[in-house]
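My entries follow in the order in which I looked.

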Amino acid sequence: MTPAFNLRTLVTVVLIAALLLLPLYTGLSGNRFLLTLFTRIVILALAAVSLNLILGYGGMMSFGHAAYLGIGGYSVGILAHEGISSGFVQWPVALASSALFALVIGALSGRARGVYFIMITLAFAQMAYYLFAGLARYGGDDGLTIYKRSQFVAPIDLSNKTQFYYICLALLFGAMYLVWRIVNSRFGMVIQGARSNDTRMGAIGFPTYRYRLVCFVIAGTLCGLSGALLANHTDFVSPSIMYWTRSGDLIIMVILGGMGTPFGPLIGAVALLALEEVLSGVTEYWQIILGPLLLLVVLFARGGIEGVLTQADAKVRS
Amino acid sequence: MNLFIEQCLNGLQFGLMLFLLAAGLTLVLGIMDMVNLAHGSLYMIGAYFAATFAAWTGSFVVGVVLALGATLLVGMAVEVVVMRRLYGRDHLDHVLATFGLILFFDETVRLIWGPAGLSLPLPAWLSQPVQILPGVNYSAYRLAMIVVTLMVAAFLYVLVMRTRIGMLIRAGASNREMVGALGVNIKLLYTLVFGLGAALAGLAGLMQAPILTVQIGMGENIVILAFVITVIGGIGSIRGALVAALFVGFIDTLGRSYFPDVLRMMFSKDVASTAAPALSSMLIYLLMAIVLVAKPEGLFSAGNR
Amino acid sequence: MSEPLLRVQNLAKRFGGIVATDDLSLDVAAGQLHALIGPNGAGKTTLIAQLSGQLMPNAGRIRFAGADITTLPMYKRSRLGLARSFQITSLFLDLSVLDNVALAVQAHAGHSFHFWRDARAEAELREPARAALARTGLSARADQLASALSHGEHRLLELAMALAGTPRMLLLDEPMAGLGPEESARMVEMLRALKGEVTILLVEHDMEAVFALASRITVLVYGRVIASGAPDDIRNNAAVREAYLGESEAAHA
């Protein structure tokens, strides 16, 4: 007996519709805070999408992904501080420096597996953290205020909150589509095969190292874009954005939403950040709930929310 | 010259403290193949327990002993409740689950003790300087720390090299399945090893409490360093952890002392004072990168698993 | 007299104190089905690992199609036409059966730095994959996850993947491991059909299959070759009977 709808698709469609219509609602209700919150969610969802590419599809447990948020953010911040506010300069620099950093880390950690890979990526991200914390000129530990958002040509105005939200949303959907195409291309098949069984990939004739490296660079670059957006959103950048525990937050989003699924990272970002907001209204100590919740997800719901929805659909169908 | 000796001793003391932390980590990682990010939380809990018990009982030593016992218990409880369900799973599962534990412990500590942090004052007999060489004074407490840690290191050596349990630990570090096949009560062994690691972490935490800090998040800062040391030294190797920890301790301490002067010669005071600690931290990660590229299993790896 | 397709000369491999491969020399002529037999621990899988590039020998040379491949990495040997199947099933369990084989095809279809086109829609990859599945009788399972297959079907999938890259030579490591009598017979027929088309080095314990298929047999004990020749010669060889076949016959009785 086939159901009239598929729960998983329904949830996805509703979510996308809600995201598209959100500014209408906040405009009408006057709830500006909600727009700010969801801009942040969308930006971090982009970061989660980039992490999902290497973690979900590629099986590469990078615990240093938040470093790119910092690199992208500081590219904008440092250039702005030095008087260069043009987005046409800042954003390419953000992307290029993220790509370069990813290239170096990826090359050095490429042969490592398992816990060693986790440790190397984590350590390099910490290195970046200390690097930026040591730059007195750019605020060091205290961070750097950005007085002017990235400038593009009129009519693009990033300080217009609604416009900025839609730009972020467009970039998010664009990134999701890009990742979708990459993952299903020949390149993506190699990445997925390497995740599934790297030895076999070598045996059938694939030099997987180079493909994983390129994948790593693509993910880092996308996350750098997220960092540039985040810096604009908060008008501020500080080293704390790349502290290793922030990488943990990103991983939680990907796992919670559903690793290796196209909409998982978005669902995870919404779920985590919305949950944060709701729970912190209930109690100041909401992370006490988040900790064990994460544990339970790891133990019993490894497929995340997407996994739960898929199972629910399968049950209804049978 | 006095300053240099003092800094060297500080480096030794810091390195030994890091060794305590890394030793527990490398044992757990080596024997149980368990990536425990929450190791730093046990370090934090040891410090908090010590500060609290010392304040309650009015005695530093009693507080320390009670704190050690309490941290051991917490460690064993964590093993039984959480870790047991994670054995044999993907390392990513370990990372995520123990990350969740970090969040839980941080918030629980904040709930019980508040966000402000604590202090652990030293008793009079430990806060005086001691003359170790003619004309050279050194803090009695730091000296005590060095002595205690060396004793613990010696104890660990005897435990691992000369006792039956130690033999099981060494065997388990190089071949887990065999140890299980030999009919050893693996569950109990694991609980004990994890408890030992927790106690070591707690000891490290409470020892540095009077001189550094007792606050939420102190675990996150130091646990990465402990992992770096574990990786450099070789997973499962206590000897490797000692060598790597001492190395890192010296580099970090001497770097923080002398880098500012070196940099001040080239840059402004402002830049130098912010850049120096950053540089010495970065140096450690650079060291790890070099070791991993040159010898991926670490300097003293315990053999194939 | 042309050089054999595979020529192994004085290969040696040590693991600490253990000698896994001991001055081993072996030739496989093109088109032959050459079987490698020996008791457990004889070093058969170690040899396959060195031939495929998973392990590097301590001494000796391996020549394939006239080229020295002794230190060539695994993926390059595969590109040269030397394919391998695994004794312990090594598949992409979370991908579909067709995806598994298509990957094997893709490995031989140029580089894979194509980021946009849907690989699952490429006939260049899917057609040869379906052909390989058809050959091994797995067409019906094409769209199922590899993890859903039975053990016997896994062994067939192993073979399909090895075939998908149109190799010149197959290194088959116990393709019949764990198969029941019916499935074994199916596999034997499959291999018989492949004879002549592809050169095969077959490692197997199933003596019936070995004597049914092989044109030449080499016997390995403790990493060294104790006999090599036509099946009848091997069957009647005293040293072989003592070391290996004697035990095996008792087991079959």
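**Confidence**

Within chain C, the element with the highest mean pLDDT is helix H3 (residues 97–106) at 94, and the one with the lowest is helix H9 (residues 238–252) at 64. For the complex, the predictor gives an ipTM of 0.85 and a pTM of 0.88.

This is a predicted model, in which local features need pLDDT of at least 70 and side-chain atom pairs count only at pLDDT 80 or more, while totals for chains, interfaces and linings use all residues. Residues are numbered from 1 along each chain as its sequence is written, and chains are lettered from A and ligands numbered from 1 in the order in which they are written.

**Chain A by itself**

I looked up the secondary structure of chain A and found 13 helices and 2 strands (DSSP runs numbered from the N terminus, with helices being H or I of at least four residues and strands E of at least two). Of its 318 residues, 56% count as buried, meaning that 20 or more other C-beta atoms, placed from the backbone, lie within 10 Å of the residue's own. The C-alpha trace of chain A spans about 60 × 50 × 40 Å along its principal axes.

**Which chains touch**

Of the 2 pairs of chains that touch, A and B have the most contacts, whereas chains B and C do not touch, their nearest C-alpha atoms being 12 Å apart.

**Chain B against chain A**

Here 39 residues of chain B are in contact with 36 residues of chain A. On the chain B side, helix H4 (91–113), helix H9 (218–233) and helix H11 (269–294) each supply at least two residues, and H4(B) gives the most, with 16 residues. I sorted this side of chain B into 27 nonpolar, 5 polar and 7 charged residues, where Ala, Val, Leu, Ile, Met, Phe, Trp, Tyr, Cys and Pro count as nonpolar, Asp, Glu, Lys and Arg as charged, and the others, Gly among them, as polar.

**Chain A against chain C**

This contact takes 21 residues from chain A and 28 residues from chain C. The largest share of the chain A side, 7 residues, comes from H7(A).

Note on methods: Contact = placed C-beta atoms within 7 Å. Buried ≥ 20, exposed ≤ 12 C-beta atoms within 10 Å, placed from the backbone. pLDDT = per-residue confidence, 0-100.
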